[in-house]
Amino acid sequence: MPKNSTESRLWRIVKRSLGIGIAAEVVFLAGSYAVWHRMNTNSEFRKYMNENYPYFLEGFYRVGELLGKGAEIRQLDAAQWNRSQSKRD
């Protein structure tokens, strides 16, 4: 009987680890979607990302270009940011 006890303990550890892993993946996926949605709908957030995390914004633009709208968004952002910069000067 000790063998069954060891196997069941190992099985519980494996199930718990899988559960934690799947939960972490779901949280990561939800967080990634939330950031992507905010970047996709809010140009001020894209400006913040450009100032603080430009490599993430570049990745966002590249994915958009693969899907067909990244170049438009990049050009609109550049035009808007240039207008706001010229108003300050």
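How do the residues of the lining of the largest pocket divide into nonpolar, polar and charged? In this predicted model, the lining of the largest pocket comprises eight nonpolar residues and two polar residues, with no charged residue. The volume of this largest pocket is about 210 Å³, and its lining is formed by S32, V35, W36, M39, F45, M49, F56, G59, F60 and V63. Two or more of these lining residues are given by each of the elements α1 (2-41), α2 and α3 (54-67).

The packing of two of these elements was then examined. Helices α2 and α3 pack with their axes 6 Å apart and at an angle of about 125 degrees, and the two helices are therefore oblique to each other. On the side of α2, the contact is made by R46, M49, N50 and N52, while α3 takes part through P54, F56, L57 and F60. The residues of this contact divide into five nonpolar, two polar and one charged. M49, F56 and F60, which belong to the contact between α2 and α3, are also among the residues that line the largest pocket.

Helix α2 spans residues 43-52 and includes S43. Is S43 buried or exposed? With a relative accessible area of 18%, S43 is buried, because this value falls under the cut-off of 20% that applies to buried residues. When neighbours within four places in sequence are left aside, the residues in contact with S43 are D77, Q80 and W81. Helix α4 covers residues 70-88.

Helix α3 also contains E58, which counts as partly exposed at a relative accessibility of 29%. The C-alpha atom of E58 is separated by 9.8 Å from that of G70, a residue twelve positions away along the chain. In the loop between α3 and α4 lies K69, and this lysine is exposed, with a relative accessible area of 55%. From K69 to S84, the distance in space is 23 Å, C-alpha to C-alpha, for a pair that is 15 residues apart in sequence.

R16 is placed in helix α1 and is exposed, its relative accessible area being 58%. Between R16 and Y48, which are 32 residues apart along the chain, the C-alpha atoms are separated by 39 Å. Q85, by contrast, is located in helix α4 and is partly exposed, with a relative accessible area of 39%. The C-alpha atoms of Q85 and L18 are separated by 50 Å, the two residues being 67 residues apart along the chain.

Terms used. Residues numbered from 1 in each chain as written. Predicted model: local features only at pLDDT ≥ 70, side-chain atom pairs only at ≥ 80, totals over all residues. Heavy atoms only, no water. Helix = DSSP H or I, 4+ residues; strand = E, 2+ residues; numbered from the N terminus. Buried < 20%, exposed > 50% of the residue type's maximum accessible area, 1.4 Å probe, protein only. Contact = heavy atoms within 4.5 Å. 1 Å grid on protein atoms, 1.4 Å probe; cavity = no way out; pocket = protein on both sides within 12 Å on 5 of 7 lines; lining within 4 Å. Points joined across faces, edges and corners; volume = space filled by probe spheres on them. Nonpolar A, V, L, I, M, F, W, Y, C, P; charged D, E, K, R; others polar. Axes fitted to C-alpha atoms, helices over the stretch in contact; angles between N-to-C directions. Parallel < 35°, antiparallel > 145°, perpendicular 65-115°, else oblique.
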